Amino acid sequence: MALELQAITKRVGQVTHIKETTLVLEPGRFNVLLGETGSGKTSLIKAMAGLDRVASGRILMDGKDVTGMSPQKRNISLVHQFFVNYPHMTVFDNIASPLRVAGLAKSEIQGRVEAAADVLQLRPMLHRRPHELSGGQQQRTALARAIAKESTAVFLDEPLANLDYKLREELRDQLPDLFAGRGAVVVYATSEPAEALMLGGRTALMQDGRVTQFGPTAEIFRNPNTLTSAKVFSDPPINSAPVTKKGDRMELGHGVGWALTGAAAGLKDGAYTVAIRPNYISPVRTDRAHVPMTGTVQITELSGSESTAHFRMGAETWVSLAPGVHPYRVGEDREFFMDPAQCFYFAPDGAFVA
Amino acid sequence: MRKVNQKGWFFVLPVLILVAFNALVPMMTVVNYSVQETFGDNVFFWQGLDWFQQILRSERFHAALGRQFLFTAMILAIEVPLGVIIALSMPRKGFWVPVCLVTMALPMLIPWNVVGAMWNIFTLPDIGLLGYLMNHTLGIDYNMTQDPVAAWITVIVMDVWHWTSLVVLLCYAGLVSIPDAYYQAAKIDGASNWSVFRYIQLPKMKQVLTIAVLLRFMDSFNIYTEPFVLTGGGPGNSTTLLSIDLVKIALGQFDLGPAAAMSLIYFAITLFVSWLFYTLMTRNDAK
């Protein structure tokens, strides 16, 4: 019951929206599409849903070729970022609408709608109209429609983006359970790395209409295959800078360098790019092996439990994200400490090397 | 006692003055005429509600009112569905959008008396393009200056030509504001074209459609210039609509009292029917 994309591409006029993409999406856990706005997530979903034609390649559902098939015949559901419900139908009729089109018996429809409404706590609202509901309830109605339909594939295109953060967290926690055990392929598009990590499952990183990496979410977070993938899957953005390897040392310039251990020690001498997540650069030294870097503080942000500082060292700006409250002053020169064991190294072409 | 801030009155004063001069004062003049009789020289005699009674009992008024309702009903029955259909078949994007919009807007840009004159010349049996074509080429007897049915058809077609665009443009604005997501949802559900219209487009167009119906009702109910220029109310009285009759009484016969009473009755009917339409079309929204 998998959804398979075989070398599909999509073009609109002269513009290529999806570059050759091959993916196998399986049911049972979330398949997250993670990428910035404009990276091709919605394009890919529309192609999979059959709303847009692919220029080349094949799409298989359950081993069956559905490339030229209409969206209706594919038995899919799509939940949008906007709350899309039929404005003059009650919540019940909204959830029931695809079942009625499919010509199901009345009692069957009643049962399925009520079951879906129970899961999404919509029972008391079944006879209201969409405009009488809150944003969260409207989106729940759209989700209930997807569940009642028992689709083979469910596409969720940034479904939480227009909800306020409390509702968002609540619904996000429920989402994996909602679809667990239903046997549908669930595809979830988001632009937030944190959301991908919370939902788990598998993640496909997207950039410029291309899937740069696909695999179990935690694994690809820990092991980016390219500098691009590392950048896509990091929030706040991952730090990166050119470095030079000489003997058993990596030199960053400005007098900053460190001894290499592990796989990185075996690299050939030459130019590389180092990347390190902001949470591994701290204003306090917790380990003798951490490398001091001195920079000028430029921007600081305080959230309740974390402190962020952007500091400039030579031509590069670095970001440090540390737990606790740290009293930074803008303009001051201060030391930060970087954990060299957490560095990723990439070849000049962007490929991961160590 | 709590002190009430009376400054608010000061802020509504400009609107009050404006409304007074463009609505209240002229209207009160009419009210003034409607209860008095005058023989000129600015001498007036109190008449009470006599003029109102006279108008309400007059067969001439009943006939004109009947024609007016028939005319407006036909206008709404043709222009609203036709406008919706044209709006639905217009392209949503691409090169043809501005072409369609400008074409649609053109009739509305022509001054009303020019529209009347154009259609008059266009349909004259011997020299008009349409009139000549019908009578001499197609052999259909068509003479709107002599045949009441032909006159009615001509007046209706002229108004449809002139004003359907308004419905089209309003509905089109409503249609293009529907996000693509709705159409995608319908496609995925496998909804038919009729369902898309009934459950997505019509509900989303409802507000602009309410405005379109109201505007077309008021404009067609108060129509004067175009039919006056086209037929002058004839042949006979067959196309004498309310406003044409009103002008005949007021300026033709110079019966200011009855004309003023008729104006007020006319205004009351327009107001009442507009209120009725609005209430009926929006009654589900408030709940």
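Mentor: In this predicted model, A:Arg123 is partly exposed, with a relative accessible area of 41%, and its salt-bridge partner is A:Glu114, the closest N and O atoms of the pair being 3.7 Å apart. A:Glu114 is partly exposed as well, with a relative accessible area of 23%.

In chain B, salt bridges that share partners bring B:Glu79, B:Asp159, B:Arg216 and B:Asp219 together in one network. Over all chains, the search of the whole structure finds 17 salt bridges.

Turning to the meeting of the two chains, the count of salt bridges between chain B and chain A is 0, while 4 residue pairs are in polar contact across that interface, both residues of each pair being at pLDDT 80 or more. Helix H8 (180-189) and helix H9 (193-221) of chain B each supply at least two residues of the side that touches chain A, and H8(B) gives the largest share of that side, 8 residues. In contact terms, 16 residues of chain B meet 23 residues of chain A. The area buried between the two chains is about 1,700 Å², with carbon and sulfur atoms giving 64% of it, and B:Gln184, B:Ile188 and B:Asp189 supply 37% of what chain B buries against chain A, more than any other three residues.

Within chain A, which is divided into domain 1 (3-232) and domain 2 (239-346), the count of salt bridges between the domains is again 0, and 1 residue pair is in polar contact, both residues at pLDDT 80 or more. On the side of domain 1 that touches domain 2, helix H7 (217-222) and helix H8 (227-232) of chain A each supply at least two residues, and H8(A) gives the most, with 3 residues. The domain centres, taken over C-alpha atoms, are separated by 38 Å, and 7 residues of domain 1 are in contact with 6 residues of domain 2. About 530 Å² is buried between these domains, 69% of it from carbon and sulfur atoms; A:Phe221, A:Pro224 and A:Leu227 supply 66% of the area that domain 1 buries there, more than any other three residues.

As for covalent links between cysteines, the count is 0 disulfides over all chains. The closest cysteine sulfur to that of B:Cys100 is in B:Cys171, 15 Å away, which is too far for a bond. B:Cys171 itself is buried, with a relative accessible area of 0%.

Conventions: Residues numbered from 1 in each chain as written. Chains lettered and ligands numbered in written order. Predicted model: local features only at pLDDT ≥ 70, side-chain atom pairs only at ≥ 80, totals over all residues. Heavy atoms only, no water. Disulfide = S-S within 2.5 Å. Buried < 20%, exposed > 50% of the residue type's maximum accessible area, 1.4 Å probe, protein only. Domains from an automatic or database assignment. Contact = heavy atoms within 4.5 Å. Buried area = accessible area lost by both parts, 1.4 Å probe. Salt bridge = Lys/Arg side-chain N within 4 Å of Asp/Glu carboxyl O. Polar contact = N/O pair within 3.5 Å; in protein donor to acceptor, adjacent residues only side chain to side chain. Helix = DSSP H or I, 4+ residues; strand = E, 2+ residues; numbered from the N terminus.
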